[in-house]
Amino acid sequence: MSKLWSALAAGITPYTPGEQPREANLVKLNTNENPYPPSPRALAAIAATPPMRLALYPDPESSALREAIARVHGVSVEEVFAGNGSDEVLGLIFPAYFERKSPIRFADITYSFYPVYAALFGMQCDEIPLNEDFSMPVERLYDAPNGVIIANPNAPTGLALDLDAIRAILRKNERIVVVDEAYVDFGAKSAIPLIREYENLLVVRTLSKSHSLAGMRVGYAVANAKTLEALFRVKNSFNSYPLDALAQAAAAASVLDTKYFEEARGKIVETREWFVKEMHALGFTGPESSANFVFMRHESLSGEAVQRLLRASGVIVRRFERPRIRDYLRITIGAPEQMQRLLDVLQTNS
Ligand SMILES: Cc1ncc(COP(=O)(O)O)c(C=O)c1O
């Protein structure tokens with residue numbers, strides 16, 4: 001703390017990202033990254049970028065990338081917004097659509113960055129407790145005076161809402177409904193096809209998970225063009241060039257390489273199904289995951305004990321120190337050999 005800090009900087013509690021350790025040989029299953037490399041076309045696009053491209057400012061509108069995204073989702077380029085990771089897109093969404101005068105509604109157990117953004121912008125939160133089984137009490141998201149944010153599938157539970165529930169939430173709200181689909185490619189249905197039906201729908205996506213591009217920082221939003229204009233207005237009042245030239249090129253190539261994408265996500269889903277069965281056999285249970293992670297607890301051991309045991313053997317998983325979920329581990333689905341290493345540690349110690 002310094003007297004130079006603003007009251008805002010002194011008062012906020014920043015988000016704590018998962019550990020990014022430098023040690024080699026760790027099995028890193030704590031931040032939901034993809035164990036497979038990005039599309040070779042993304043790498044080729046980076047290599048093909050002329051050096052002078054880096055001497056100039058990048059396209060402020062990320063037009064080629066937005067065209068690629070629009071093409072794969074069957075929407076128009078005006079219905080796509082691109083940002084520096086979906087975290088940045090979410091950060092811009094708060095001042096673009098929410099007001100300070102009434103609370104923003106979201107689940108009590110969800111992506112822990114939402115309350116951090118709310119605090120940064122001096123906004124309040126109305127956290128709706130999830131049901132005992134972590135399912136969403138959908139009706140409690142109706143008639144939200146300042147809008148709603150839903151992670152679908154939810155993080156860290158991995159549970160997905162179906163499109164009927166999303167439609168009901170959209171119909172029962174006049175304000176914005178943000179659907180954060182960071183993990184949708186691993187098992188849930190996207191709400192993107194609903195954007196022309198509901199002008200209060202804003203879908204947020206990332207290339208960090210299913211496209212193996214967490215290191216490039218590319219996220220986007222899809223919504224009705226008129227709705228989306230607010231996001232462009234806020235972005236252009238903060239940073240006109242959020243995406244660098246290499247990120248735009250790599251992301252566009254990756255998005256268009258649908259064959260590679262389908263194969264990579266298929267492998268993750270297959271590994272998840274196998275891994276969950278193995279974990280059940282070891283006494284772990286948890287909600288059914290539609291994501292590239294599972295959320296599980298042991299029948300008798302504390303979450304802290306299991307996390308410590310794994311860490312001592314070089315396997316890192318995430319745990320959240322909050323009353324309802326402190327015994328749960330959020331385990332990223334990596335490659336089969338990584339998951340096998342985790343299972344070996346548990347098997348040896350059970
Ligand atoms: C639900 C959810 N939304 C958004 C993000 C942010 O992803 P990125 O900023 O890498 O696009 C994450 C990252 O873990 C997430 O879990």
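Tutor: Accessible areas come from the Shrake-Rupley method with a 1.4 Å probe, and for residues only the protein chains shown count as cover. This is a predicted model: local features need pLDDT of at least 70, side-chain atom pairs count only at pLDDT 80 or more, and totals for chains, interfaces and linings use all residues. Residues are numbered from 1 along each chain as its sequence is written, and side-chain values use heavy atoms, leaving out hydrogens and water.

Student: What share of the accessible surface of the protein chain belongs to carbon and sulfur atoms?

Tutor: Start with the total. The accessible surface is about 16300 Å². Of this, the share of carbon and sulfur atoms is 52%.

Student: How many of the 350 residues count as buried, in percent?

Tutor: Buried means under 20% relative accessible area (1.4 Å probe, protein chains only). By that cut-off, the buried share of the 350 residues is 53%.

Student: What radius of gyration does the protein chain have, and why is it compared with a globule?

Tutor: The radius is taken over C-alpha atoms, and the globule rule is 2.2 Å times the number of residues to the power 0.38. With 350 residues, a compact globule would come out near 20 Å, so the rule gives a value to compare with. The protein chain agrees, at 20 Å.

Student: Which residue in β10 stands opposite Phe 284?

Tutor: Two bridges join β9 to β10 (residues 293-298), and the two run antiparallel. Opposite Phe 284 stands His 298.

Notes
Buried means under 20% relative accessible area, exposed over 50%, partly exposed in between (1.4 Å probe, protein chains only). Two strands pair if DSSP finds at least two bridges between them. Helices (H or I, at least four residues) and strands (E, at least two) are DSSP runs, numbered from the N terminus.
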